[in-house]
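Hello,

I am passing a structure on to you, and I hope you enjoy looking through it. Please open it first, and then read my notes alongside.

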Amino acid sequence: MIRGIFRLFTQLDYRALVEMPLANGRRADVVAVDRRGGIVLVEVKSSLADYRADSKWTTYLDYTDRFYFAVAADFPVAVLPADTGLIIADAYEAAILRPAPERQIAAPRRKAMLLAFARLAAGRLSGLVDPP
């Protein structure tokens, strides 16, 4: 699913990272950044049981302008909150079925997120930070 999500964001002119640590101690499945510094966070759910066991996803909302769940085509999407974005994905492609409502994160947090994104990307590129 991650590859499909990355391909979608590349087509939308975003750059993405997988498994990005957040300041609250959580780890985002996918974080993507657009040319203007807009931040999108994607929580990947592999099954209904995975979704039902997850009560932490709301803690991600303070770190993103747009929040999406990404699920497979056979996922029962009616259980997902209507006020979140929805991506249907597989190993090869993904599509946005429901755009995420825009939230504006605070400027200091945006700066911290963008710096963390850049440092993590550079660390992984250089091989100095272990990939996920």
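Predicted model: local features only at pLDDT ≥ 70, side-chain atom pairs only at ≥ 80, totals over all residues.

Residues are numbered from 1 along each chain as its sequence is written, and side-chain values use heavy atoms, with hydrogens and water left out.

Let me start with strand β2, residues 27–33. Helices (H or I, at least four residues) and strands (E, at least two) are DSSP runs, numbered from the N terminus. Six of the seven residues of β2 are buried, so the strand is largely enclosed by the rest of the structure. Here buried means under 20% relative accessible area, exposed over 50%, and partly exposed in between (1.4 Å probe, protein chains only).

Strands pair if DSSP finds at least two bridges between them. β2 pairs in the antiparallel sense with β1 (residues 15–21) over six bridges, and A16 stands opposite A32. The hairpin of β1 and β2 has five residues between the strands, and G25 there takes a positive phi near 90°. β2 also pairs in the antiparallel sense with β3 (residues 39–44), over four bridges, with V31 opposite L41. That hairpin too has five residues between its strands, and G37 in the turn has a positive phi of about 90°.

Next, the salt bridges, each a side-chain nitrogen of Lys or Arg within 4 Å of a carboxyl oxygen of Asp or Glu. The count comes to 10. One of them joins R27 and E19 (3.9 Å, N to O); R27 is partly exposed at 43% relative accessible area, and E19 is partly exposed at 25%.

Which residue forms a salt bridge with E43? The partner is K56, with the closest N and O atoms 3.7 Å apart. This pair links distant parts of the chain, 13 residues apart: E43 lies in β3, and K56 in the loop between α2 (48–52) and β4 (66–71). E43 is buried, with a relative accessible area of 2%, whereas K56 is partly exposed at 27%. K56 also meets D54 in a salt bridge (3.4 Å, N to O), and D54 counts as buried at 8%. Salt bridges that share partners join E43, K45, D50, D54 and K56 into one network.

Happy exploring!
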